[in-house]
Amino acid sequence: MIRRRSKIWCFLFGPILTTLLAYSVAGVHADTSPRRFLVIFEHHSSLIANIEIAKGIEERLAEALPTEREIYSVYLDSARFPGNPQSAPFLRLLEDNFSGMTFDAVLAVGPKALSFALDNRDHLAPGAPILFTGIAGDKINYADLPPDVGGVYRAYDMAQIVEFAMKLQPEARQIVVMSGTANFDRDLAERARNALGTRFAGLLVSHISDLPLAGYVDAARDYDSDTILLILTILQDATGRAMLPRDAAWAIAAASGAPTYGFHSTFLQAGVTGGHVTTFPDIGRILADEALAAIEDGGRTRLPIAKAPATNVVNWPQLARFDINTDLVPADTVRLFYTTPAWQRYRREIALAVTVLLLQSITIAALVVQMRRRKRAAQELEAGRLALAHAARSSQLGQLSGAIAHELNQPLTAILANAEAGSRLLSSEIPDLAEISEILSDIADDDRRAASIIVQLRRLMKEGEVELERIDLNEVVSETLNLLHSELVARRTDVEFRRGKGPVPILGNFTQLQQVVLNLLLNAADSMKELPPAQRHVLFETRVISDGTRQLVVSDRGPGLTKEVAVDAFKPFVTSRPDGLGLGLSICRSIATAHGGTLVFEDDVESGARIILALPEP
């Protein structure tokens, strides 16, 4: 039963399946067969226009037919070999090359290429539509063209390109048109004469042709910015020399004293100032689009003939060369070789950088203001510290005024006594000159001692000294002890000074360090006032340790200090004396710090207290 049903199904639907399979295979074969295009160029293969048109054709066909395309190119080179299009050997060569091939479309570039395609289509590409370009619109006879022939024509709008040039050169007074001697050159020159006449928009129009290339160059060199120089094409000059129009345009534009204009994009790439152009790659793409549309249409409708779109283009660096105001360039103009200014290309980055710089500037300004405020505060603090130190010295010297007066009174009394004795000796009949000489020597010594005491007092009383100089630490201690000699006698306190070996040089302020010695000595004496006079002993030592540090060590036999009390002793207004202010050690430590040194009590002292002033090597 199952076998019978299978036979029935095959009998009924077999033919249908076979037909569908055949169509499917045919469709696959049709989809995968390549499209063949024959491209015929009027001129030779090295012409830039041909190279760029071919590039545009290839790019567009590659987009539409990535793998199913074959492109064959033929170059008639009719300018250099006029007989090629009618040459029987040339035709036979093409027929042999393309024997057995079927072309889906023929693309003709130039009027002679179109004529060649029309004359030989039956041999090369029978039934294939023909698409053309490179022909002026007024040269096309629509009625003579078969319906399967279409294309894209160039307008060569002379009025439009001159009007564009006048916008860039509003002060221009004349228009000069240059053209070559080839047939195509003459055709364009005739179009220019018909469109512009002898005067256009108030400007005088003149035409230059039939010159060798050097003649065109020399003529262009004599013009200036009041001239609009329009270069058409120079495929051939007056000597019969064939050339690339771009090369001729380059030579003329490079020497010209006036801005130059043209219809071809290659001219602008060669240095022409501006133009009204359709780029050759764009022409190739449009022509390829027309060919694809014709193949798709299959000959059902007449092929269109369209005008190639054109736009105004300027060679941006040439504007600067001729000092043309860039504000005169219309907004819709294409800017060739234009580099967007950095502030436009990197607008966000520049804005961010400016913001960062602004914030940094504000931060730096704030830091500078803060530093100045800190510096001013430090100066005010230093001034206050100096004033406070001076007040402390004044207070201490006030307390010692009796001892200082006694210290001064001793030399003055001795001077008086020696003077009176000398006077009596001089009044005797036979004066003892030797004794008088000793008396005078004593008077001089006592005078120098009194003067030294006065100098020391003036130094201690002077306010605002902060200069550092090279001094001997031994001299600082010695002069201070001499100044306080009478006070120490009154307090019945013994002072011993052990000098280091040789001088102890330091970089310091004599007055401030003398105040430190004065304060440390009085503190030591005060700490021992409850002891019997025989036990009141203060030891001053100066020394240089191994690392070069200079030290002044002051030891006493008082009750000493605990670690906690030793730390607090340097705090302002901390004192154990009922009549003290508690500023002495605080000021002394600030003086030591200002000298780059330290002032600390030494730990683990068996008896009494020991304080060490350490100063750096000068």
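The model is predicted.

Start with the chain as a whole. Its secondary structure comes to 20 helices and 21 strands. The chain has 618 residues, and buried ones make up 43% of them. Now look at how the sequence folds back on itself. Take the contacts between residues at least 6 apart in sequence: 71% of these join residues at least 24 apart.

Next, find helix 5 (residues 158-168) and helix 6 (residues 183-196). Their axes come within 9 Å of each other. The crossing angle is roughly 70 degrees. Angles of 65 to 115 degrees count as roughly perpendicular, so helix 5 is roughly perpendicular to helix 6. Which residues make the contact? Helix 5 contributes Met158, Ala159 and Val162. Helix 6 contributes Leu188, Arg191, Ala192, Ala195 and Leu196. By class, this contact has seven nonpolar residues, no polar ones and one charged residue.

Finally, move along to Glu487. This residue lies in helix 17, which covers residues 485-490. Is Glu487 buried or exposed? Its relative accessible area is 11%. The cut-off for buried is under 20%, so Glu487 is buried. Leu522 is 35 residues away from Glu487 in sequence. In space, the two are 9.5 Å apart, C-alpha to C-alpha.

Key:
Residues are numbered from 1 along each chain as its sequence is written. This is a predicted model: local features need pLDDT of at least 70, side-chain atom pairs count only at pLDDT 80 or more; totals for chains, interfaces and linings use all residues. Side-chain values use heavy atoms; hydrogens and water are left out. Axes are lines fitted to C-alpha atoms, for helices over the stretch in contact, and angles run from 0 to 180 degrees between N-to-C directions. Helices (H or I, at least four residues) and strands (E, at least two) are DSSP runs, numbered from the N terminus. Angles under 35 degrees count as roughly parallel, over 145 as roughly antiparallel, 65 to 115 as roughly perpendicular and the rest as oblique. Contact means heavy atoms within 4.5 Å. Ala, Val, Leu, Ile, Met, Phe, Trp, Tyr, Cys and Pro count as nonpolar, Asp, Glu, Lys and Arg as charged, and the others, Gly among them, as polar. Buried means under 20% relative accessible area, exposed over 50%, partly exposed in between (1.4 Å probe, protein chains only).
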